[in-house]
Number of protein chains: 2
Amino acid sequence: MKFTISRIAFTKALNTVSRAISTKTTIPILTGLKLQVNQNELILTGSDADISIETTVKADNPDNLLAVESEGAIVLPARFFTDIVKKLPEDTLTIEVGENFQTMITSGQSSFTINGLDANNYPHLPEIETNTSIPLAADLLKQIISQTVIAVSNQESRPILTGVHFTLSDTNFLAVATDSHRLSQRKVTLENPVNGSFDFVLPGKSLTELSRMIDDTQDSVTLSVTENQALFTIGDTLFYSRLLEGNYPDTSRLIPDSFDTRISFDAPELLASIERASLLSHESRNNVVKITVKPDEKSVTIYGNSPDVGNVEEDMKPKSVEGNELEISFNPDYMKDALRSFSQATINIDFTSALRPFTLTPTEDSDSFVQLITPIRTF
Amino acid sequence: MKFTISRIAFTKALNTVSRAISTKTTIPILTGLKLQVNQNELILTGSDADISIETTVKADNPDNLLAVESEGAIVLPARFFTDIVKKLPEDTLTIEVGENFQTMITSGQSSFTINGLDANNYPHLPEIETNTSIPLAADLLKQIISQTVIAVSNQESRPILTGVHFTLSDTNFLAVATDSHRLSQRKVTLENPVNGSFDFVLPGKSLTELSRMIDDTQDSVTLSVTENQALFTIGDTLFYSRLLEGNYPDTSRLIPDSFDTRISFDAPELLASIERASLLSHESRNNVVKITVKPDEKSVTIYGNSPDVGNVEEDMKPKSVEGNELEISFNPDYMKDALRSFSQATINIDFTSALRPFTLTPTEDSDSFVQLITPIRTF
């Protein structure tokens with residue numbers, strides 16, 4: 001195996017597959033990255049067993065400066081090899097595998113020899129048919145991920161809740177996540193109906209990594225799903241994730257369909273106030289912020305308190321207030337995550353009572369996106 | 001005590017004094033910052049007992065929007081108070097101290113009440129006469145610090161070596177630091193002779209903080225020294241540091257005055273090669289890089305090696321090579337620090353033998369700056 005390649009193009013590909021590579025893996029060969037050189041392409045693979053990423057650098061793109069002298073494959077120590085490539089002196093580098101998997105990396109006056117591993121021992125990636133794949137707009141997918149992944153659980157006690165639950169049929173696309181204290185639900189109507197119906201749970205960690213891989217140059221991502229794997233195709237890169245096993249709880253009845261008190265705010269304005277209130281609640285043993293709503297006075301007041309440090313009170317100027325008087329307490333960190341997910345939108349917050357979950361929805365297209373938060377009992 | 005101030009100007013002053021405030025202090029009141037309001041100014045003070053910083057916000061600068069309603073002083077929890085000020089909604093804020101040191105911070109609809117401490121319990125800053133103070137060009141002082149502070153010791157076993165040794169007399173300014181493995185020495189000729197002579201050791205940590213405080217807007221810094229304190233005046237800010245006690249070792253005879261082998265390089269080019277070689281030496285138990293010099297062949301070769309991972313070899317193109325053949329090994333991290341301190345300059349590296357310290361000096365004005373490194377015996 002021997003090839004020459006542009007250092008910039010190679011570094012970009014190394015960064016892409018490195019997202020999947022963990023130093024903490026219990027399978028030693030997975031701390032490495034696999035290079036497979038074919039006649040007109042170089043394929044890089046990284047994996048942590050949950051996520052696998054494969055990206056192809058093609059010789060027919062002149063920017064890649066890829067010249068293959070002989071085919072072959074090798075596994076190289078990922079972090080260390082990437083550090084070397086980043087520091088090489090010239091614009092191109094040559095990699096040649098010699099005897100006993102000894103690999104020579106040359107660039108200008110610099111010549112490294114490092115110990116590689118037999119690529120035959122590297123795990124095979126899952127085989128997934130892509131002929132029933134579903135096209136998704138790249139920016140929409142990123143938005144769906146960012147809006148739902150905040151509510152996945154970090155606790156391994158109920159593994160299924162560490163993922164986002166996707167259901168697709170016809171033109172309906174639904175994504176739901178809940179850690180049992182809060183819930184995020186996003187609905188999208190697809191342009192084209194999907195072939196069949198899909199119901200699967202993707203790990204939140206996989207979705208976060210996937211989202212980081214989608215940059216502004218991508219218009220579209222395609223999704224293929226099997227019984228235990230999902231495959232996202234992003235240009236020349238394949239992103240594999242295992243699915244979570246088990247049945248996701250039925251969340252359809254958790255969202256209240258009526259309210260007794262409704263307040264309306266610009267999300268960023270309310271976010272800034274909650275952030276200030278949480279400065280104090282974070283200094284307290286129980287991290288709680290309180291909202292008091294008085295519809296007669298059109299007033300909404302936010303309180304944060306720490307016995308050691310002090311307190312904060314803000315008289316807010318809501319866009320509107322309607323319904324019953326209310327005093328309700330909640331975890332401000334859940335509220336901050338929820339408010340950030342609406343970015344600049346105007347939102348309604350709908351309450352039924354001080355002990356029942358309340359919802360945040362955008363005032364426009366309110367059915368498409370719901371954040372639900374369970375309050376905290378303080379009396 | 002009550003005043004109103006621009007949030008931007010106040011935040012800048014808070015950031016300045018916060019440099020001196022440590023959360024790890026054993027003196028509880030030093031986790032706070034002191035505000036002293038006089039008729040036309042606000043004075044902020046932060047201290048960790050080693051370093052103290054005092055900065056003044058003046059009412060006569062209209063940008064500060066400082067309006068004093070009543071004088072007084074208070075100590076407030078530094079980190080927490082700074083977080084609040086940064087997140088306030090309006091461009092100005094008002095601070096008012098009430099009963100029992102309860103302090104109200106208001107800005108727009110936001111109103112915080114936090115528990116302050118009695119300013120009478122805050123330690124007094126040292127009193128230092130500034131009538132014999134020494135003016136120093138701000139950019140030169142920053143350069144001297146960055147060039148010497150790299151060689152101070154991190155080990156508390158010989159406390160005096162954790163500082164930089166300054167000697168000033170007439171127009172001579174000398175700064176030396178050594179951790180006994182390497183040494184940095186910078187000589188400067190002052191424009192105006194100093195009054196008397198000075199010999200003192202400033203902690204490396206103080207100098208690093210001082211350097212961060214000097215920005216491009218400052219032309220000049222003045223230095224005043226007493227028996228156990230130094231005071232740097234930077235515009236409206238006073239920076240106090242304690243001096244290290246004890247006698248600094250005599251370093252004048254450590255620097256060799258002749259050489260048997262000399263090589264010459266652009267510092268950045270050699271730095272890049274050493275960085276690559278250190279990628280391998282860092283993977284090895286003994287962090288060593290080797291240079292081989294062959295004057296007959298005009299060749300300089302750099303080797304890095306790790307039994308587990310591999311090796312690297314670079315045939316360098318030095319600007320010149322003269323003297324005896326040599327093979328010498330050293331800690332590449334010392335070499336990297338030294339090379340960085342020359343920034344873009346061309347340097348000479350002068351060796352006597354494989355076991356004797358070698359020096360790096362700029363080819364121009366070579367007497368002004370020396371980096372000395374002790375080699376490592378590998379045979």
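Which residues of chain A does the UniProt annotation "domain: DNA polymerase III beta sliding clamp central" cover? In that unreviewed entry, residues 136-250. UniProt positions follow the numbering used here, feature names are shortened, and annotations may be inferred rather than shown by experiment.

Conventions next. This is a predicted model, in which local features need pLDDT of at least 70 and side-chain atom pairs count only at pLDDT 80 or more, while totals for chains, interfaces and linings use all residues. Residues are numbered from 1 along each chain as its sequence is written, chains are lettered from A and ligands numbered from 1 in the order in which they are written, and side-chain values use heavy atoms, with hydrogens and water left out.

Back to the annotated spans. Residues 136-250 of chain A are 18% helix and 43% strand, with end C-alpha atoms 25 Å apart. Helices (H or I, at least four residues) and strands (E, at least two) are DSSP runs, numbered from the N terminus. UniProt also lists residues 1-126 of chain A, again in an unreviewed entry, as "domain: DNA polymerase III beta sliding clamp N-terminal". That span is 17% helix and 44% strand, and its end C-alpha atoms lie 25 Å apart.

Now the interface. Contact, meaning heavy atoms within 4.5 Å, involves 30 residues of chain A and 30 residues of chain B. The two chains bury about 2500 Å² between them, 53% of it on carbon and sulfur atoms. Buried area here is the accessible area (1.4 Å probe) that two parts lose on being put together, summed over both.

The rule finds four salt bridges across this interface, each a side-chain nitrogen of Lys or Arg within 4 Å of a carboxyl oxygen of Asp or Glu. One links Arg79(A) to Glu283(B), with the closest N and O atoms 3.5 Å apart. On the chain A side, the elements giving two or more residues are helix 2 (78-87), strand 9 (110-115), helix 5 (267-281) and strand 21 (310-316). Strand 21 supplies the largest share, seven residues.

Another salt bridge joins Lys87(A) and Glu275(B), at 3.8 Å from N to O. This pair runs from helix 2 of chain A to helix 5 (residues 267-281) of chain B.

What does strand 21 of chain A pair with? Five bridges join it to strand 9 (residues 110-115) of chain B, and the two run antiparallel. Strands pair if DSSP finds at least two bridges between them. Within this pairing, Val312(A) stands opposite Phe112(B).
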